Amino acid sequence: MRWAFRPDSERENLIIAIAEQYAGLAGFRLHLRRTTRPFPIDEWARTIAANTPNPLPPAPGAPTWADHLISAQRHLLAANASEGQTYLGITFARRTFRDVLAERFNHLRGKGTSEKERARNARLVEQFDEILGSFGVRARRATPHELEWLIYRSVALGMSPPTHLSPVSDGHWESGDLLALTEHIERYRTPYGSTVKLVNRLTGEERHVCVLTVGRMEPLEIPEVHEPWLHFHERLPWPMELSSRVDVLGPGDAFRNLEHRLRMIRSQQRDYQEHGIDAPPELERLAQRALRVGDEMTTGLPLDASRIHGWHRLAVSGRTREECLERARRVIKMYSRDMRISLQHPKNQDLLVREFIPGEPVANTGYLRRMPVRLFAAALPQAASIVGDRRGDLIGRTAGTSRRPVFLDLHFPTEVRERSGLAVFVAEPGGGKSTLIGALGYLAARRGVQVTLLDPSGPLARLCQMPELRPYSRVLNLTGSEHGTLAPYALIPTPQRSHFPEGRTGDREYEIALSNARAERRMLVQDICSMLVPPQVAREARTATLLRHAVRQVPAEETSTLDDLIQTLSSIDDDGRELANLLLDTAEMPLALLFFGQPPEGALGDDAALTVITMAGLRLPDLRIEREYWSAEEQLALPMLHTAHRLAVRRCYGGDMRRRKLVGLDEAHFMEGWRSGRSFLVRLARDSRKWNLAALVASQNPRDILGLDVQNLVSTVFVGRIAEDHEIAADALRMLRVPRGVGYEQTLATLSAVDPSSQNRLPYREFVMRDVDGRVQRIRVDISYVPGLLEHLDTTPTPQPRNDSNAIAPIAAPSPSAPAEV
């Protein structure tokens, strides 16, 4: 059940719904059990292998695809990844004396339990299904295999799970067969011992277990301030077991119990008065509280009148007695400090350990907790940190109240959910967005996906040097490319008739796509020409009119060039010739020649598995400075970035539409403010499902993405550290679609937090991730299982080691008698 980053109104509705379901079980005893199960690593490996039909072929001397999968599985095993499971047991078959006599009489006649008793129990079970299966708990009946696992985990608390349970899967168990789940575990205890030692007779494994019980509790404000109090322990990195035995009291039983307590308080007050002693103030406070609660029960809803009486236990385990007790002390301290709940370490640990087994009695009546049904519903042991999918690459783990592995398949939104494949990455400089995009590009290329990355600064080009990618990679440095590589007319692909359905409907869709492509070419060419001329000229109304007129006369086809546009401008009038001369002046610059002429053969498409487009050495402009103050190099960087984005995507529109493709685009904020930029991203998002394209777009400011008006087309969002500006953080939360102004801005500021007292670099980066299903969680990216990947993606400048042969020799001071040479 998702809890993190949900609005308080949704959380409150969830708690109320669960409380109503618990209140519907008034008169029954419940056993709530929370256990863990190791993450099915082998199942995930089989899934991703089946979802990767054509992995990248092995390179000589480099790790193969099988080696990559084995490394990921070992990483998961070392992290001790597990999944939580919550069980709810209901004690309801209280047999009457008449039922026992009827069964004995039927046994003499060769029959079993009476049909009347069976029908009564069946009606109760149907009632439980109806109450617990709706919104809130959303429970279902446990299967025999799940019950087998629960019994084993209850008997062997904290011990390593078996590789497999019973090979018989028919679900039928005889009473004598249950020994197979219990007799392998030996229990050793002392009368006043602080732990219980469990020993597996077959494997020799030893485990020490101590059970903590919930004592006094201060009033909790859930969900406004506090976390669910039976889920809070999952912040710690080791698994623990929960057991709650509670009785649900309906309005009548709860009110009678309250009246009994109030009479006891009044009796004690009279005893003090008869002996002439002042009664302690606590008695009067308890009496007033009982009166207030009684008023709520009699005047409020039945939900407010229901009460929960029960015992709540927490089992902590360790390899040694000392480790177990140290973990228990940390749990006690954490609950006391953060939740204001007192956890006690009682005696009779053996009986408390047995209490975790379904069907065993309560160990003792001490530490009985009485609470409203809403407070018990707010315990939420089933809360979990779930994000991503179960068929993609391992990219890290959750970093919230629990730790779960995070997997991401960037084509899951397009292939399964039938949504857009647009993913957005936002973070401050140094937040890790470029490294994450590079890592996702690497993982996709290993799976045989056609990957194109646009990295203007150039560090991602080092990916092509990795041994497993080197034979199948290509680096395209635009600053050293041939003339015409960024010819704007050729960057918009012409739709092909084979990409549309047959018939008149397909013909109509094809004609519309052709018209849209021509209109997009005209828009792009007009924007590029406005960027190439001086900004003072571009702002004149006459300039826009001339460009629009000339663009309309030049055929909007892939074979047209800017030279055709200049020739058309020269034939209009004197103003047109002046504008054409300005474009010709710009064309004399070496980098500007990329826009003029026809593109070289093969520049707009290749079969490389990984293509990295860079503009190494090019200085990008500061958009906060007016264009009049940009240098000539910065003036050309803007149209180069626009056309480079088009070039990266142009490669994805060739070949098979169903082939998986990925394109990563950095510095997307340069697209904001231009008509062609917005139309480019809108088309990219809309075509991504049709072309099975995963588009990764990165920017430093979420306003750049929101300004392009593509938020409703975004399927996946990654937001890194944003600590400088509160308004920018609010915009990032808007992209994540989580509430603003309730404290989540501070969560973004604490991502990838650095210890001020440390001089070391932070070895990880954290993000808040929103997946295609709308689940939002805080995650910690961890791709350390790929050898050498982090070293190739490192963009932090580091000083080079000193070379003694190039060491600087000390300069001798000149003598006072001789003049120094300059």
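In this predicted model, the largest nonpolar core comprises 88 residues, and those with the most contacts inside it are L478, F595, M640 and L665. The element that gives the most to this core is helix α22, spanning residues 632–650, with nine residues. For M640, contacts beyond its neighbours within four places in sequence include L478 and F595.

N200 sits in strand β4, which covers residues 196–200. Its relative accessibility is 9%, so N200 counts as buried, the cut-off being under 20%. A polar atom of the N200 side chain lies 3.4 Å from the backbone nitrogen of T203. Leaving aside neighbours within four places in sequence, N200 is in contact with Y152, M159, H184, I185 and E205.

Most residues other than glycine have a negative phi, and most peptide bonds are trans. A cis peptide bond joins I222 and P223, with omega at about 15 degrees; P223 belongs to the loop between β5 (206–217) and β6 (241–249). Positive phi values, near 55 degrees, occur at N80 and at N348. N80 is placed in the loop between α3 (65–78) and β2 (82–91), whereas N348 is found in the loop between β8 (341–344) and α12 (349–354). N348 counts as partly exposed because its relative accessibility is 41%.

Definitions and conventions. Residues are numbered from 1 along each chain as its sequence is written. This is a predicted model: local features need pLDDT of at least 70, side-chain atom pairs count only at pLDDT 80 or more; totals for chains, interfaces and linings use all residues. Side-chain values use heavy atoms; hydrogens and water are left out. Helices (H or I, at least four residues) and strands (E, at least two) are DSSP runs, numbered from the N terminus. Buried means under 20% relative accessible area, exposed over 50%, partly exposed in between (1.4 Å probe, protein chains only). A polar contact is a pair of N or O atoms within 3.5 Å; within protein, one must be able to donate a hydrogen and the other to accept it, and residues adjacent in sequence count only if both atoms are side-chain atoms. Contact means heavy atoms within 4.5 Å. A nonpolar core is a set of buried Ala, Val, Leu, Ile, Met, Phe, Trp, Tyr and Cys residues joined through side-chain atoms within 4.5 Å.
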